[in-house]
Amino acid sequence: MHIAPRKPAEAGRITLIGAGPGDPELMTLKALRLLASADDVLHDDLVPPEILALAPKTARLIPVGKRGHRPSCRQEDINALMAALAREGRHVVRLKSGDPALFGRAGEEIAAAADAGVPVEIVPGITAGFALAAALGVSLTHRASAHSVRLVTGHGREGALPQDLDWRGLADPATTLLVYMAGRTAGHLAERLIGCGLPPDTPVVVAEAVSRAGQVLRGLTLAALAGEGSVASEHPLMLGIGEVFRDCPALAASHPSCARSQAPIAA
Ligand SMILES: C[S@@+](CC[C@H](N)C(=O)[O-])C[C@H]1O[C@@H](n2cnc3c(N)ncnc32)[C@H](O)[C@@H]1O
């Protein structure tokens, strides 16, 4: 009797894809190509339906969102699910907002894939802070006023402002700050930066839903932000802080100085 050798199962793999800030046109060609070959798409809450619609009709869409202060999927469960599906020979796409390597726990997912012996590839995406600069029409660096850019979280482990940040470095007036997940801690952040020497009239932009329907960009000063305390939104929200945001065109169109305008400006 002839027994045909068993066909080895096709190797599974994991691809961490950056979906960008929300506008599907800001995705890379590589992201689109690899998304098109997904068997399973595990996606964050912030990935909008227009981008999920770009996955193959045959792909399973699995929401695994984690939103601060709301019920969330456990990271260990996400890691285990990705590894299990890849071991079945499936192409697992982990679709994350912005860039997967920024504030997205990609390090834990990469380590878990390595432990499971599953190959993992990363496709970068446009982070929300870079899309904010584009939406405002400003450069994040400037030879005269900003020689570094720092991407910072405003959300520590317990949801409060992280205490172990390099506050003196962050208060450098020649640094542009892009602060993620800072809605609740915005006022404390502003107070702390002023306390460490950043001038109270430093321009701030509160940016909601950058590159999405409902985008709102609002200019104020660091002192005004300290007075406001927390800033709430149902949309993703981040802060830009620094001299590069002074008199920026998108805000100055309606207000003479973006550093002083308080009214929301729908873009
Ligand atoms: C878990 S972090 C993920 C960041 C993402 N990996 C990136 O590179 O943009 C989520 C935070 O990013 C910021 N964010 C993401 N998309 C945004 C958008 N379209 N507009 C404003 N902020 C955004 C918000 O601060 C949000 O709370």
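View 1. The structure shown is a predicted model.

View 2. The side chain of T127 contributes an N or O atom that is 2.6 Å from an oxygen atom of the ligand. On its own the ligand has 560 Å² of accessible area, and the protein covers 89% of this.

**View 3. The protein chain as a whole, for orientation.** The chain contains 9 helices and 11 strands. Of its 267 residues, 47% are buried. Among contacts with a separation of 6 or more, 71% are made by residues 24 or more positions apart. The accessible surface of the chain is about 13,200 Å², and carbon and sulfur atoms account for 56% of that surface.

**View 4. The largest nonpolar core.** In soluble globular proteins, nonpolar side chains tend to be buried together. The largest such core in this model comprises 23 residues, and those with the most contacts inside it are L189, L193, V206, L225, L239 and I241. Two or more residues are supplied by each of the helices α6 (167-170), α7 (186-195) and α8 (222-228) and by each of the strands β7 (175-180), β8 (203-208) and β10 (237-241). Helix α7 gives the most, with 4 residues. Beyond its neighbours up to four places away in sequence, L193 touches W167, L170, A171, L177, L198, L222 and I241. Another core, of 18 residues, lies apart from this one and includes A131, L132, F245 and L251.

**View 5. Helix α5 and the residue that follows.** Helix α5 spans residues 128-136, and its buried residues are G129, A131, L132, A133 and L136. The helix is followed by G137, which has a positive phi near 70°.

View 6. D40 belongs to strand β2, which covers residues 40-43. With a relative accessible area of 0%, D40 is buried, because a residue counts as buried under 20%. The side chain of D40 is joined to that of R90 by a polar contact of 2.5 Å. When residues up to four places away in sequence are not counted, D40 touches R60, I62, L85, R90, H91, V92 and V93.

View 7. R150 is located in strand β6, residues 148-153. Its relative accessibility is 27%, so R150 counts as partly exposed. Leaving aside neighbours within four places in sequence, R150 is in contact with D166, G169, L170, T175, T176, L177 and L178. One of these partners, G169, is 19 residues from R150 along the chain, and the C-alpha atoms of the two residues are separated by 9.4 Å.

View 8. Most residues other than glycine have a negative phi. F103 lies in the loop between β4 (91-96) and α4 (106-115), and although it is not a glycine, F103 has a positive phi of about 50°. R105 is placed in the loop between β4 and α4, and its phi is also positive, near 55°. F103 is partly exposed, with a relative accessible area of 37%. R105 likewise counts as partly exposed, at 39% relative accessibility.

**View 9. T221 and the backbone of A224.** T221 is found in strand β9, which covers residues 216-221. The relative accessible area of T221 is 13%, which means that T221 is buried. A polar atom of the T221 side chain lies 3.1 Å from the backbone nitrogen of A224.

Technical notes: Residues are numbered from 1 along each chain as its sequence is written. This is a predicted model: local features need pLDDT of at least 70, side-chain atom pairs count only at pLDDT 80 or more; totals for chains, interfaces and linings use all residues. Side-chain values use heavy atoms; hydrogens and water are left out. A polar contact is a pair of N or O atoms within 3.5 Å; within protein, one must be able to donate a hydrogen and the other to accept it, and residues adjacent in sequence count only if both atoms are side-chain atoms. Accessible areas come from the Shrake-Rupley method with a 1.4 Å probe; for residues, only the protein chains shown count as cover. Buried means under 20% relative accessible area, exposed over 50%, partly exposed in between (1.4 Å probe, protein chains only). Contact means heavy atoms within 4.5 Å. A nonpolar core is a set of buried Ala, Val, Leu, Ile, Met, Phe, Trp, Tyr and Cys residues joined through side-chain atoms within 4.5 Å.
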